[in-house]
Amino acid sequence: MNTAIVGHALRHDSALLHASGGARFLDDLPEPAGTWHAALALSPVAHGRLLGLDLPEGVRAILPADIPGENDIAPIGQGEVLLVENLIEHHGQPLALLVAPTRDAALRAAAATRAHIEALPPILSIEAALEAGTFLVLPQIIAEGDVEAALAAAPHRLAGEFRAGGQEHFYLEGQIALAIPGEEDEMLVHSSTQHPTEVQHVVSRVLGVPFHRVTVQCRRLGGGFGGKESNASSVAAAAALAARVTGRPVKLRLPRRSDMAATGKRHPFLYRWQAGFDEMGRLLALDAILAADGGHSLDMSGGVVFRALTHALNCYGAPALRISACAVKTNHVSNTAFRGFGGPQGALLMEDVLHQAAAQLGHDVEALRLRNLADRTPYGQALEPALTRRVLAEAKADAEWDRRRADAASFNATHPTLRRGVGAFCCAFGIAFGIPHLNQAGALVHVYTDGSIRLAHGGTEMGQGLFIKVAQVVAEVFGVPVETVGLAPTSTAEIPNTSATAASTGSDLNGWAAHAAAVAVRDRMAEVAARHFGCPPEGLRFEEGHILPPGGNAGMRFGELAKLCWRERVSLSATGFYRTPDIHWDAERMRGEPFFYFAYGAAVAEVLLDTLTGEHRCLSAHLVQDCGRSLNPAIDLGQIEGAFVQGLGWLTSEELWWDHEGRQRTLGPSTYKIPGSRDVPPVLRARLLEGSEARDGALFRSKAVGEPPLLLATAVVNALRDATAVASLDLPATPERVHAALRHR
Amino acid sequence: MASIEITLNGARRTTEAPPTTTLLDWLRTEGLTGAKEGCAEGDCGACTVVIEAGASRRPINACLCVLGQVHGRAIRTIEGLGRDHPAVRAMAEGGATQCGFCTPGIVMAAWAWTRTGGDPHAALAGNLCRCTGYRPILEAMAAMRDDGGSAPGYAAAPSRFGSFHLPATLEEAVVLRAARPGAMLLAGGTDLGLRFSEDREHPEETVCLLHVREMQGVKTGAAGQRIGAAAPYAEWLEACREDARFTPLVPYLERLGSRQIRSLGTVGGNLGTASPIGDALPVLLALDAVVECTSPRGTRRVPVEEFLLGYRRNALAADELIVAVELPAPPPGALLAAEKLSRRHDQDISAVSLVACIEFAGGTTSRARLALGGMAARAMRAHEAEVVLVGRALDDAAAREAGEALRFAPMDDHRGTAAYRMEAARGLLRRLALRHARPDLPATIHA
């Protein structure tokens, strides 16, 4: 399959706009005349009854009674309030919306709002919630064989317990929306959202109007990472509510502190497991519980639990197992989607199991890794262990595994306080939304009579390079330079009923939908060209901006053909639609094939550790990620590196900290530390697996890349296990935790 | 009332906007939306713009800086580079942008760095990118060259803008201070600036000390340094680089905030806010610095250990100003070392900091001064531990014993539990001994 544009390393369509400051983010748009600003007054306590509010004078305060529709922003379930009516369930929960002509006035009014609260005891840990039996998602269980009997019969029986922390998205552009009221009940909402359709639905619900009254638009986000999937909806709904109440355009831009207090994060997890192994370190039985902290409300915890459950065995297997995953309810902010969506948390389980088994049975963990690879998941979907072995072997070869291990050992023998460690990791990440019906997408392609093309689809551009990839697909279909394709903002008015840009599916879904739309138009154009040239349409080639008849070279320019189609009254516009084939899930039996394919990746990392303080840093990382036949290797490489570093932050430095009363104290970058440039390993070698090809039916045989490489940072944790000689680490492995682990080993 | 004058992207501008408007807000209302608000606390760098003065370029956080502070200065924003600038092109063509929100700030930090040079990580310490993983940004920077441009600096005279006072001399400042004991004393604003940027306050009276002649600069003499209270950390760092007696402080001071923070923040401000985690304070304690304070009643010189009273409390009287700090050089042959422990190496507030000045006689310690930050309500000397070190070789055993003699009740918060801070402080003491005993080995993970 030769492609002219797809597969080429084109740069991000907005790169020059980004770098020159010309890219307009929502807050950079000129404000309509008369725009007012809103701010949220947030709860100062984690749990309590709201008895009343002292509201400042001179600004418009909006309370639940002002909501014309429902006070409900739930993305999936119901009963998640926009503004507290009675029960406060987390620190930072919105109590009131203050609206004023300037943002400063609104913010000062929010800060001056005083709440009268009857405090209630909060539940602040997964353990406490398990004890209290407060579930948001009841335990979902995948089981196979008789796990009790297999455990009892196993020559070696081990057990473990560990924790992984949450993660703040820290998109650089905070949550923001601008709502502009139109005639009657119309509302145009500019939203920095990964899910314009959900914003449309939630705004409609809050305003009590049909979906067709609400249009949601988004040109670009300053980062999303899952944090603007469901969380953008409440911000947009608040802005729209204020716009409705005041009759004015209203902008709501959350200050960073409010953003970090009021919006959800990656789910923290607690893991408890028992495992049986044979003498060779083969896993015979595994009984594990994964409990997620869902925060105070459901949000998308069901999906996160599902993905954690389906990724808990990663690429490994056991003849007898019982994996139970649930989400508990606590008085934390409601946790939400975050790149990987429970998958990265799930995949931590087997690393703990394998490392403890290696340590206690006296095996090399790398041997156990290979010995326990599986050819199918516990829920019955086929895996490709050969591909797992290949990515792992290539990452190890790139890293010069044996030499690196030997160098680390000799360094450790000579230095009194510093220690080096080397670790590896490999994974299989399932691609598709876990809920089958979400795997659909739409697109709209217009060809204009000058030959320029306008492309709209339901995906949002948040930096991941979706727009350029989909434009490449459309340019490929028409055989035109990619610059011919103009990119439209994402709008619910153009593409209805879309899914979130999430689950790594953006290119797969929207690329196929745009492909369908482009092919529909091209086929019509080909009919016209065929009549013009007097040849069968199949013989025409669309190449380099021209349409060429068979044999001859007297073709016509793409724009000429477009004009000819117009003169012949042939439509130059088409919608495209796509739904992912083959996926299914049986929730009764907990079996099925929920993923269209798996993306495989592997990593080797080396760390240097100071045993005096627990400080550590990653010295090198070698990453190999299977992107199939990449749509755009430059974009994919950026995703791999960026995801790895984001995973590195989650696992080593980013710590959310609540005080004893459940008040979050890490509310800005001064206290919440995402990786800086020096935290990136000085040797970072990421590459795409060469000669790989995705399954039949994948878009140009490519594979998705948004989330899977985030998991590769797990190799850094494994390197820390090596450097500390501690098999089980609670995460994030901050200097303090590593220091404690060293003392207690 | 006088107007604030700013040279913006090479063109002279005046504005009647309130002087406590943040520079970022003003730029954005003027339609220059390239600089973004990512955090409003001077930590993410999305708002980075550059102060130009002749050939000098200093990046600053426009979110923390108010208009009154930049009166008379030349500011360059991303719009002042333009689409065809090589630094802009390098970022765009190097795949160094993903979402692009942080990018203008990074370009400005990088553009300043093409003039100043040094470690590119130090240049990026004040800029966060959540998308790229930084590798392409660093590669784009490696391809950047100084464009050779220069700009007119500082021209307008200090002035007064309503209730925002910008005195030019100490005499004026002292009179203002005495007459307005409730006024906010503003220097670099990297701490107090949060009241403008995050809390959206407009104080009734502000006395900005940045232009006070007697508070300027760092002077090096035989005895040591005299650091003007309004001298930014960047100037102190430069003075330490140029004086071998103080060079051991350089890696430590390079971790004090970021380049943006060091362009604005001052030693006087660190003393004024008296935070327990102010990184300048352990340095001043370990070298027995003296704080020079002036009021209409006269000038007094207060040892820094007496100046710092408690949590964000100092000995400054209501009518007094900090004019300068006298920082004695370590005696010849002494070991001056500074250790900082924080969650992230760059642009992070210390969990624990340790600055030591240790003098030797015939292979054993004759005098030890150990000062710690983050271990108590204020930065403090560890006198009991100092005693342990005297009269013996500075080795691991001595460091361990000194560690056992630390008498602190550290804070217990998001930067570390009290127990960890104690353990880590002991670890830093041992690291100090390791540095001394084994100069052939790397002492830290970043060596």
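Reader: Let me start with one side chain. Is Phe170(A) buried or exposed?

Author: Buried. Its relative accessible area is 0%, and the cut-off for buried is under 20%. Keep in mind that this is a predicted model.

Reader: Where in chain A is Phe170(A) found?

Author: In a loop. The loop runs between β8 (156-164) and β9 (176-181) of chain A.

Reader: How do I read the backbone there? What is the phi of Phe170(A)?

Author: The general idea comes before the case. Most residues other than glycine have a negative phi, and most peptide bonds are trans. Phe170(A) has a positive phi, near 45°.

Reader: Is Met260(A) buried or exposed?

Author: Buried, because its relative accessibility is 0%.

Reader: Now contacts between chains. Which residues is Cys39(B) in contact with?

Author: Two come from chain A: Arg256(A) and Pro669(A). Cys44(B) and Glu198(B) complete the list, once neighbours within four places in sequence are set aside. Cys39(B) lies in the loop between α1 (23-29) and β3 (48-53) of chain B. Cys39(B) is buried because its relative accessible area is 2%.

Reader: How many residues separate Cys39(B) and Cys63(B) in sequence?

Author: They are 24 residues apart in sequence and 8.4 Å apart in space, C-alpha to C-alpha.

Reader: How do I read a buried charged side chain? Where is Asp636(A)?

Author: Asp636(A) is in helix α16 (residues 633-653) of chain A. Asp636(A) counts as buried because its relative accessibility is 1%. Beyond its neighbours within four places in sequence, Asp636(A) contacts Lys469(A), Cys627(A), Ser630(A), Leu631(A), Leu688(A) and Val705(A).

Reader: And the nonpolar residues? Which members of the largest nonpolar core touch the most other members?

Author: The general idea: in soluble globular proteins, nonpolar side chains tend to be buried together. Here, the largest nonpolar core has 210 residues, and those with the most contacts to other members are Leu286(A), Leu290(A), Phe478(A), Met525(A) and Leu561(A). Helix α14 (residues 506-533) of chain A gives the most to this core, with 12 residues. A second, separate core has 56 residues, including Leu170(B), Ala229(B), Leu249(B) and Ala338(B).

Reader: Which residues does Phe478(A) touch?

Author: Among them are Val445(A), Val447(A), Ile453(A), Met525(A), Phe542(A) and Phe558(A), apart from residues up to four places away in sequence. The list also includes Arg522(A).

Reader: What about empty space? How many cavities of 30 Å³ or more are there?

Author: Rolling a probe the size of a water molecule over the atoms shows where empty space is left. The count here is 12 cavities of 30 Å³ or more. The largest cavity holds about 320 Å³ of space. It is lined by 24 residues, and the closest to its centre are Ile73(A), Val81(A), Asn231(A), Ser234(A) and Ala262(A). Helix α6 (residues 231-246) of chain A gives the most to that lining, with 4 residues.

Reader: Last, the annotations. Which feature does UniProt place at residues 156-332 of chain B?

Author: The unreviewed entry gives "domain: FAD-binding PCMH-type". That span is 29% helix and 24% strand, with end C-alpha atoms 44 Å apart. For chain A, UniProt places "domain: Aldehyde oxidase/xanthine dehydrogenase a/b hammerhead" at residues 20-121, again from an unreviewed entry. Residues 20-121 of chain A are 11% helix and 31% strand, and their end C-alpha atoms lie 51 Å apart.

Key: Residues numbered from 1 in each chain as written. Chains lettered and ligands numbered in written order. Predicted model: local features only at pLDDT ≥ 70, side-chain atom pairs only at ≥ 80, totals over all residues. Heavy atoms only, no water. UniProt positions renumbered as here; feature names shortened; annotations may be inferred. Helix = DSSP H or I, 4+ residues; strand = E, 2+ residues; numbered from the N terminus. Core = buried A, V, L, I, M, F, W, Y, C linked by side-chain atoms within 4.5 Å. Buried < 20%, exposed > 50% of the residue type's maximum accessible area, 1.4 Å probe, protein only. Contact = heavy atoms within 4.5 Å. 1 Å grid on protein atoms, 1.4 Å probe; cavity = no way out; pocket = protein on both sides within 12 Å on 5 of 7 lines; lining within 4 Å. Points joined across faces, edges and corners; volume = space filled by probe spheres on them.
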